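Hello,

Here is the structure you will be working with. My notes on it follow below.

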Amino acid sequence: MANPYMKRAQKLAGNAESAVRQATTPLRNFGFPFRAPTVPRGVEVPPEASGLGAHYDTGWARRPLASSIRGVITEGPMRLAARILTNPEVTGVDRLASLQRLETPPPVIFAPTHHSHLDTGLMIRSIPLVWRRDLVVAAAADYFFNKKWKAVISALALNAVPIDREVTGRKSSDLLVGLVDKGSSLIIYPEGGRSPDGWGQEFKGGAAYLSSKTGAPVVPVFIDGTGSIFGKGMKRPKPGSTKVVFGAPMWAEDGESTRRFNARIEAEATVLGDEALTDYWSARSRAARGESPSLTGPEHTSWRRDWDLADRRKMGAAGKRRRAKRSWPDLG
Amino acid sequence: MDSDPLPTLLKPGMKLTICFDDASLSLPKMRRPDTRQRIIEAVLELAAAAGVDDVHLIAALGLHRRMHDYELKHVLGDRIFDAFHPRGTLYQHDAEDYDNLTVIGETEEGEVLEINKRVAESDLVVYANVNQVAMDGGWKSITTGVASYRCLSFHHNPKTLQNTRSLMDRHHSALHQSLWRMGEVLRESGPQIFTVETTLNTNTFPKPFDFLAKREWEWNAKDRATYLATQKSLSAMPLKARRKIMHSIESPYEMTSVQAGFTPTVHEETLKHVYAQHLVEVEGQTDILTMGIPYICPYNPEGVMNPILVMCMGLGYLFNMYRGKPLVREGGVIIMTHPTYRDFNPVHHPSYIDFFEEVLTDTTDPAVMSEKWEKKYAEDEWYRHLYRTGNAYHGVHPFYAWYWGAHGQQHAGKVIIVGGDAPTVRRLGFTPASTMNDAFEIASDVVGRAPTVTHLHVPSVLVADVK
């Protein structure tokens, strides 16, 4: 007669072995319902609409709870990080004073130049509070919304909405028009993405189009210095100085096409770029003579572009810290 | 107005000079961007488009103190300051730099117009005005702002100012008549001038000090609580901290009109706007005029309201806030309230200190002091040096501040200051009183036991149109 205690011990050991086996067995060895059902042959399953990219729904990020969390993020860590990394000098905000002081300031489309991921944090930090409270950032759907975690972080921390860079998506533009119509201000990078080589890129018509559609003014902004702090291709940021120059609000003139309006915005950003490097009067005088240095850099494509870029950066905010570090040699 | 549009006046290769009012306007300083910045940026945009390279910007100081760099930045904005100041093309007028002053001509009355050489030699001068009160603007801007001491002395004297009735009514002001005569000389023999004048609303104080611009009976519970909190906390603070707080206030003024072109035409239009805003009809004159003296006047931006400026503000500016007849009848009593500390800013007002100690102990009569003392102060090398290189008012400025009140001094039978430091008030030639009741008691000697009393409420600025 078997010992009852032994039997009990054997049962317990069996259960334990079974539990361990189950726990260590890879999920793939389990069948339905632990896995997705198999599809009978001959049945073609329609592709599921992707919830990512331009299709990502960011509505949740504009609800009160998410907005409050974002308020804490932007006014706290983001502001601090922007301060530490970019040490910005912000000028030209007074050009917005007339709009800012209206009883209900209208929504504004900010169109900054784009050299770095830091630009958005820097812009959010620099934009006056009346617009910062309700600010939406147009972010590349293929970069910021291609993975769930990136999409959640972008939407929550930046109030980013996806914008399709590859094709002119009606969905993106309708969403942005709707948001601006409801009173949100917008940051949209007219260059479409970060500069690949440190020089600016031609402006696309997104900001001009949205302004024409909504009547909201476009404020061109020139950001100098972020490219050398954390430009495209850099693995880690190198703290430095930056300069953010806001331009005067611009509206499309009667009968002006989006293309022409966009060209005016680009021209104004070019003058602001000159103003950031030189001064207001030199920039305006050169602009009047048609001699403003181009944002997109020289025509040539070889090493000379990089060479010229180095000279340009020396004139800008990014170069200031390096120059300040120089000291006279100690000659005893 | 009565001028070709500015863009057609701007030509490549021309000499363009832009003059602008100094820190004495606006009061208190307006929040940025200042009206002058808006005007000058608009002018510079046009000048750049026209290919004008030779541009100078001159702060039209007259004999006022030089502005600090931060004040210039406040008035003009960082962009203009950073572009022009390092080049040396943004600077402040020097009424004692005779190498850079030139005589334009002489009026029929023998007044010599001597102004800044750069202004005189310019192809076009644009003047950016802030016309806070009716006294400002017109020919006065250039003929005082960029004039020499010699030139200013033709109208800044007791005789002219005693016949200036009032400063706010240019058609009955001997000062303005003299300036307009000089303006005619300037028009005939000087550079082409394009004047831009702007008027401001009376939105003087930002929150939480906005209750100050309301009538007391309009104060709600919140206003009363704010007043009490402000009053109690200010009185608990040292004087310097109090001044710092009050002078840091930036007014949320907004522009109510802008007009540009030929100086006299522009100014007449400006006056319409200023009067539309400031004129208050008053029936008949009063026996006693009471007024509170504010912490600020045109001659102490960021500085101390010294006893001479108290006199200048009370009898010079506030008394002159009339058109037609003064608010107080001739021989009536003016009662001011002010602590009247014997306190001076030695950087801004060095000659005021000596004026108080030396001149006022001798006489308070403008004509006597003009004859006996003015030359000494005006030609003092140390004061001249401080005016030209530091941030001091010209040595003669306390005399001018005193003359400013000459008409009021002559008109009033008695002037009483309530709450002032008694010996200091007596030095000014006024009567000190501890309370308003005491002041009325003292006044009864002059105006009897049943006088009429009118109170001039400041802020805001108003001009009494006395019928």
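In chain B, strand β1, helix α2 and strand β2 make a right-handed β-α-β unit. Right-handed is used in this sense: with the strands pointing away from the viewer, the path from the first strand over the helix to the second runs clockwise. Helices (H or I, at least four residues) and strands (E, at least two) are DSSP runs, numbered from the N terminus.

The model is predicted, and local features need pLDDT of at least 70, side-chain atom pairs count only at pLDDT 80 or more, while totals for chains, interfaces and linings use all residues. Residues are numbered from 1 along each chain as its sequence is written, and chains are lettered from A and ligands numbered from 1 in the order in which they are written.

Strand β1 (residues 15-21) of chain B has two parallel partners. Seven bridges join β1(B) to β2 (residues 54-60) of chain B, with Phe20(B) opposite Ala59(B). Another five bridges join β1(B) to β6 (residues 124-128) of chain B, again in parallel; there, Ile18(B) has Val126(B) as its bridge partner. Two strands count as paired if DSSP finds at least two bridges between them. Six of the seven residues of β1(B) are buried, so the strand is largely enclosed by the rest of the structure.

Finally, the contact between the chains takes 15 residues from chain B and 12 residues from chain A. Two residues are in contact if their C-beta atoms, placed from the backbone, lie within 7 Å. On the side of chain B that touches chain A, α2 (35-50) and α3 (69-84) of chain B each supply at least two residues, and α3(B) gives the most, with seven residues. The residues of that side divide into seven nonpolar, two polar and six charged. Here Ala, Val, Leu, Ile, Met, Phe, Trp, Tyr, Cys and Pro count as nonpolar, Asp, Glu, Lys and Arg as charged, and the others, Gly among them, as polar.

Regards

Technical notes:
A residue is buried if 20 or more other C-beta atoms lie within 10 Å of its own, exposed if 12 or fewer, and partly exposed in between; C-beta atoms are placed from the backbone.
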